[in-house]
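Colleague: I would like to go through this model with you. Could we take the helices, the strands and then the side-chain pairs?

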Amino acid sequence: MYDSPEVTAFATGMTRNSSLIAVSPGLLRNLTREDAEAVLGHEVAHAANGDMVTLALIQGVVNTFVMFLSRVIGHLVDRVVFKTERGQGPAFFVTMIVAELVLGVLASSIVMWFSRRREVVADAGGANLAGRRHMIAALERLAGLHPQPLPDKMAAFGIAGGVGGGLKRLFMTHPPLEERIAALKAAG
């Protein structure tokens, strides 16, 4: 339990045996016992599925590709376009930095896509543990309690997900609650 008026819970830890589930008093005050159990089931599913370590590994792999590819692109631009023959010229460094920024944004969208997929799987896990009806009710209750999404810097710590379309959707860690509710209803 951690002291916060926010209605939220989250899982943390790099292995199943070292995972912790944190829940706020705000969640326990604002949800029924069954709904809170469903939210905790969702978080237990994250821990059981190893989502935290999986996301860390995916982030590491995409970061490695970003760094490698940005250097390859920098090298090619330096050698082919600017015809630098010895060492690395300024074009290598400028191109590498620009490529890291562009590829980093693309890599983040891949990690966020995976995160959104894991939320849907964790919802199914919560439904298996607490009952589909209770998981749906918990998400509906959360939708009523979170009419506005958390600030971008806090979005990964909330269960509510985000609102938005277009490019903003690419960087959401959680799908909108309406989509998650629809996915649970369709699964039943």
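Colleague: How many residues has H4, and what distance does H4 reach from its first C-alpha to its last?

Modeller: H4 has 41 residues and reaches 59 Å from its first C-alpha to its last, close to the 60 Å expected at 1.5 Å a residue. The expected span is 1.5 Å times one less than the number of residues in the helix. Please note that this is a predicted model, in which local features need pLDDT of at least 70, side-chain atom pairs count only at pLDDT 80 or more, and totals for chains, interfaces and linings use all residues. Residues are numbered from 1 along each chain as its sequence is written, and side-chain values use heavy atoms, with hydrogens and water left out.

Colleague: What follows H4?

Modeller: Gly-131 follows H4, and the phi of Gly-131 is positive, near 105 degrees.

Colleague: How many helices and strands are there in the protein chain?

Modeller: The protein chain has 7 helices and 2 strands. From the N terminus on, the order is β-β-α-α-α-α-α-α-α. Helices (H or I, at least four residues) and strands (E, at least two) are DSSP runs, numbered from the N terminus.

Colleague: Which way do S1 and S2 run, parallel or antiparallel?

Modeller: S1 and S2 (residues 20-23) run antiparallel and are joined by 4 bridges. Two strands pair if DSSP finds at least two bridges between them. Within this pairing, Phe-10 stands opposite Ala-22 in S2.

Colleague: Which residues of S1 are on the covered face, and which on the uncovered one?

Modeller: In S1 (residues 9-12), Ala-9 and Ala-11 form the covered face, while Phe-10 and Thr-12 form the uncovered one. In a regular strand, side chains alternate between the two faces of the sheet.

Colleague: Turning to aromatic rings, how many pairs does the count come to?

Modeller: The count comes to 2 aromatic pairs. The rings of Tyr-2 and Phe-10 have centres 5.5 Å apart and planes at 55 degrees, so this pair is tilted. Phe-92 and Phe-93 form an edge-to-face pair, at 5.0 Å centre to centre and 80 degrees between the planes. The rule takes rings of Phe, Tyr and Trp (its six-membered ring) with centres within 6.5 Å; planes under 30 degrees apart are stacked, over 60 edge-to-face, and the rest tilted.

Colleague: Is Phe-92 buried or exposed?

Modeller: Phe-92 is buried, with a relative accessible area of 6%, whereas Phe-93 is partly exposed at 39%. In the other pair, Tyr-2 is partly exposed at 24%, and Phe-10 is partly exposed at 22%. Buried means under 20% relative accessible area, exposed over 50%, and partly exposed in between (1.4 Å probe, protein chains only).

Colleague: And the salt bridges: how many are there?

Modeller: There are 8 salt bridges, each defined as a side-chain nitrogen of Lys or Arg within 4 Å of a carboxyl oxygen of Asp or Glu. One of them joins Asp-123 and Arg-180, with the closest N and O atoms 2.7 Å apart. This pair links distant parts of the chain, as Asp-123 is in H4 and Arg-180 in H7 (residues 177-187), 57 residues apart.

Colleague: Is Asp-123 buried or exposed?

Modeller: Asp-123 is buried, at 1% relative accessibility, and Arg-180 is buried at 1% as well. Glu-119, Asp-123 and Arg-180 are linked in a network of salt bridges.

Colleague: What does Arg-71 pair with?

Modeller: Arg-71 forms a salt bridge with Glu-100 at 2.7 Å, N to O. Arg-71 is in H3 (residues 51-81) and Glu-100 in H4 (residues 90-130), so the bridge links distant parts of the chain, 29 residues apart.

Modeller: Asp-51 touches His-46 and Arg-118, where contact means heavy atoms within 4.5 Å. The side chains of Asp-51 and Arg-118 are also joined by a polar contact of 2.7 Å. A polar contact is a pair of N or O atoms within 3.5 Å; within protein, one must be able to donate a hydrogen and the other to accept it, and residues adjacent in sequence count only if both atoms are side-chain atoms.

Colleague: Where does Asp-51 lie?

Modeller: Asp-51 lies in H3 and is buried, with a relative accessible area of 3%.

How values were computed:
Lists of a residue's contacts leave out its neighbours within four places in sequence.
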